[in-house]
Amino acid sequence: MTAIDFRTAPERYRHWRLTLEGPVATLALDVDAEGGLSPGYELKLNSYDLGVDIELNDAIQRLRFEQPQVRAVIITSANDKVFCAGANIGMLRGASHAHKVNFCKFTNETRLALEDASARSGQKYICAINGACAGGGYELALAADHLMLLDDGASAVALPEIPLLAVLPGTGGLTRLVDKRGVRRDRADFFCTVEEGVRGKRALEWHLVDEIVPRSKWRDAVAARAAELAEASDRPAKAEGMALPPLERVIEGERIEYNHVTCVIDRALMAAHITVRAPAAAPPSDLAAIHGEGADFWPLAMARQLEDLIFHLRFNESEIGTWLMRSEGAGEYVAAADAALAAHAGDWLVREITLYIKRTLKRLDLSARSIFAFIEPGSCFTGTLLELALAADRCYMLDGAFEGDNRPPASIRLTAANYGGYPMANGLSRLESRFIGDAAALDRVEKESGRALDAIEAEQLGLVTFAPDDIDWRDETRIAVEERAAFSPDALTGMEASLRFAGPETMESKIFARLSAWQNWIFQRPNAVGAEGTLKLYGSGQRPRFDKERV
């Protein structure tokens, strides 16, 4: 099977039209029916597959970095009668279980990036629904700030997965419906069980949309609403955007190489050895110099490369179940980069870089893989890179040095970046999640910020799991990785997802917790994917046969 490549650019889009007009951008969905990512299905009725979402994710990122003057974004359809029919059924029918679940996860991460742009970057989103809007199409709409529905007697919103497909709008649809839009439970129950959906005044009264507009006033109303939202934004009107050039990546055998990130796959252990490197020299601290470096500025370059690797491993290496995180280089350069981000936090570009790192680290948290961090001599788990270790399910730190190794013993160092700069899906920092309910432990750690901590100190503070010496190191780490490969991947996914997000629930953490449970279970059930299940028989004229047992 050909590996899925997540690198794209507007000139290569097949499914989206991006146009710019002053402070307003328009993303018009115009799906190429023959442009599916895999053979065997047509993307009819503006339905989508992963390829459509890869382009949308790219467009959202580029609007944030390359178009600082854009303050409002309109998402609409280039087709007159269909906004979006949702995820393509033929794609779902033929996809592996792993692909379906990863597809749902990526889709929702993209929608969360849209919401993040609205909440934190001053780029507000309007969804102008000009036709039938069903399933994943309406889930996309729910991510926007303001939903406008064409009141023409035909345009409607719907979440018809239950009556049509025996699955759920589980990439955030149900959660956003009640948590974000405040739709009453009884109305939501009805809405989610009718194929034809809801249109016009009822859609407005039930809070399924924010505005209905007759066709005669449609264009003017959409433009006026976009101008109104743009007026309230704090994005700079005259700033120069920063281009996101194509990522350079080399794949040779089992090695994946970027400038700041390397991955070597060990198929015998079903593990990926991932090394993230610190800047090779002191990063710029002056704001003009940061802007001058653009996409080469280390924090952004590193985040882009790590994100691309996460995508690659999720979709193209599904049996590589353990990710072993290492770092190397000069910790003082990472600390300097963190200081530069903190010093210029009010700048629009610095803000975007920090938010990009946050989103990338969240993708690490949400990956259904075991994550171990190995802290050894030569490591630089400082500040932003320390987050990789704090995200790990276990962290091993060598006490001392290896025999014959003249490098100084490993140390770790906290910076301001570790105290809320990169919150998890539960809204807490990784330190807060680590020490949930233990304010004294968190206070002890905060007092050590900025100081290099050796293995024993880190273990005593609760920042690492184990601190073996060089005699025990190889055996302990080897056994841990071998043991992980011997366990059930399903059981590990359930355990890790349950343990990683201690503390409060947010809409985001609910979405992913339910996504993991619902989609993993429902996409395996014969009612959906069996020989007589709905996904298999959809469009054939045959009725599915359901196992009626409630479990």
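This short talk walks through a lysine, the nonpolar cores and some salt bridges of the structure above.

Please keep in mind that this is a predicted model, in which local features need pLDDT of at least 70 and side-chain atom pairs count only at pLDDT 80 or more, while totals for chains, interfaces and linings use all residues. Residues are numbered from 1 along each chain as its sequence is written, and side-chain values use heavy atoms, with hydrogens and water left out.

Let me begin with Lys-100, which is found in helix α3, residues 97-120; helices here are DSSP runs of H or I with at least four residues, strands are runs of E with at least two, and both are numbered from the N terminus. Lys-100 is buried and yet has no salt bridge, and the nearest side chain of opposite charge, Asp-490, is 13 Å away. Buried means under 20% relative accessible area, exposed means over 50%, and partly exposed lies in between, using a 1.4 Å probe and protein chains only. A salt bridge is a side-chain nitrogen of Lys or Arg within 4 Å of a carboxyl oxygen of Asp or Glu, and for charge, Lys and Arg count as positive and Asp and Glu as negative, with His and the chain ends not counted. What does the side chain of Lys-100 reach? That side chain reaches the backbone oxygen of Ala-95 at 3.1 Å.

Turning to the cores, a nonpolar core is a set of buried Ala, Val, Leu, Ile, Met, Phe, Trp, Tyr and Cys residues joined through side-chain atoms within 4.5 Å. The largest has 71 residues, of which Tyr-138, Leu-177 and Leu-208 touch the most other members. A second, separate core of 69 residues includes Val-261, Leu-309, Ala-410 and Phe-435.

Now to the salt bridges, of which the count comes to 48. In one of them, the side chains of Glu-307 and Arg-363 meet at 3.0 Å, N to O. Because Glu-307 lies in helix α11 (residues 298-316) and Arg-363 in helix α13 (residues 348-366), the pair ties together parts that are 56 residues apart in sequence. Both Glu-307 and Arg-363 are buried.

Asp-393 forms a salt bridge with Arg-500, the closest N and O atoms being 2.8 Å apart, and this pair links distant parts of the chain, 107 residues apart. Here Asp-393 is partly exposed, at 25% relative accessible area, whereas Arg-500 is buried, at 10%.

Finally, salt bridges that share partners join Arg-64, Asp-116, Arg-120, Arg-235, Glu-352, Lys-358 and Arg-359 into one network.

Methods: A polar contact is a pair of N or O atoms within 3.5 Å; within protein, one must be able to donate a hydrogen and the other to accept it, and residues adjacent in sequence count only if both atoms are side-chain atoms.
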